[in-house]
Amino acid sequence: MMKKVIKWSVGIIFAVAFAFLYAHVDNMTFLYNQDIDTSEYVNTGILQNTKLSQSFVCEEAFLDGIQVKCSSVGNVENVSISYIIEEETTKIRVAEGVVEGIEIKNNKFNKIKFDRIENCKGKKYKITFEENGSDPINGVSFYFAEDLKSNKAFILGGEEIERYSLVVRTFSHRFDFETFGVVIIFLVYIAIFLKILYKLFK
């Protein structure tokens, strides 16, 4: 009896530990309207001698990166994308970096990680992208989508485009209760299933 209790205790501890580790995921916050069909996304075209920016209010306590939908056009070997994230009120830069054009995955969400930004919740930020080394036929373009409920400013080439948002999302790598619960339920289901099988073929 004692061996059985120990066996089950070890199994439960292992299951909870596994679920806890697995539940640390990139929690996404979408800055655009997810209900819009992807076929309705608007392409910015190559950002030649211009910038685009998107403001947003952070919903998480910290930020670890962004995912932005891009497409590469022509030869992008000599093209790079620089990005800056700053607090809108103080203009303090909290993150910046460069992504090489050859690293861009065409027509996909491209993950950009940066050093964690702490104490973000409720603060207003602005992401700005600028392209370097592009020309009219070689470069990287972005996407934006209609967002009628948006109160976030989307600016392309110095001009604010109302009721549209850049197709971008932020992420925070943290423990997610929903994922934890799903994994626990799945492990319990597997345990019950194996127990039933064991009894059937015993």
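Tutor: Start with the radius of gyration. This is a predicted model. The protein has a radius of gyration of 23 Å, whereas a compact globule of 202 residues would have one near 17 Å.

Student: What box do the C-alpha atoms fill?

Tutor: Along the principal axes, the box is roughly 75 × 40 × 30 Å.

Student: How many helices and strands are there?

Tutor: Two helices and 13 strands. Of the contacts between residues at least 6 apart in sequence, 82% join residues at least 24 apart.

Student: Why is Thr29 called buried?

Tutor: Its relative accessible area is 8%. The cut-off for buried is under 20%, so Thr29 qualifies. Thr29 sits in strand S1, residues 24–30. Beyond its neighbours within four places in sequence, Thr29 is in contact with Glu59, Glu60, Arg169 and Thr170. Across the protein, buried residues make up 39% of the 202.

Student: What makes Asn49 exposed?

Tutor: Exposed needs over 50%. Asn49 has a relative accessible area of 77%, so the label holds. Asn49 is in the loop between strand S2 (42–46) and S3.

Student: Why is Lys91 called exposed?

Tutor: The value for Lys91 is 51%, and the cut-off is over 50%, so Lys91 is exposed. Lys91 lies in the loop between S5 and S6.

Student: What is phi in Asn49, and what is it in Lys91?

Tutor: Phi is near 55° in Asn49 and near 65° in Lys91. Both values are positive in a residue other than glycine. Most residues other than glycine have a negative phi.

Student: What makes a set of residues a nonpolar core?

Tutor: The residues must be buried, of nonpolar kinds such as Val, Leu or Phe, and joined through side-chain atoms within 4.5 Å. The largest such core here has 31 residues, and Phe129 and Phe142 have the most contacts inside it. Among the elements giving two or more residues to this core are strands S3 (51–57), S4 (63–73) and S8 (124–132). S4 gives the most, with four residues. Another core, of six residues, lies apart from it and includes Ile36, Tyr143, Ala145 and Val167. In soluble globular proteins, nonpolar side chains tend to be buried together.

Note on methods
Residues numbered from 1 in each chain as written. Predicted model: local features only at pLDDT ≥ 70, side-chain atom pairs only at ≥ 80, totals over all residues. Heavy atoms only, no water. Rg over C-alpha atoms; globule rule 2.2 N^0.38 Å. Buried < 20%, exposed > 50% of the residue type's maximum accessible area, 1.4 Å probe, protein only. Contact = heavy atoms within 4.5 Å.
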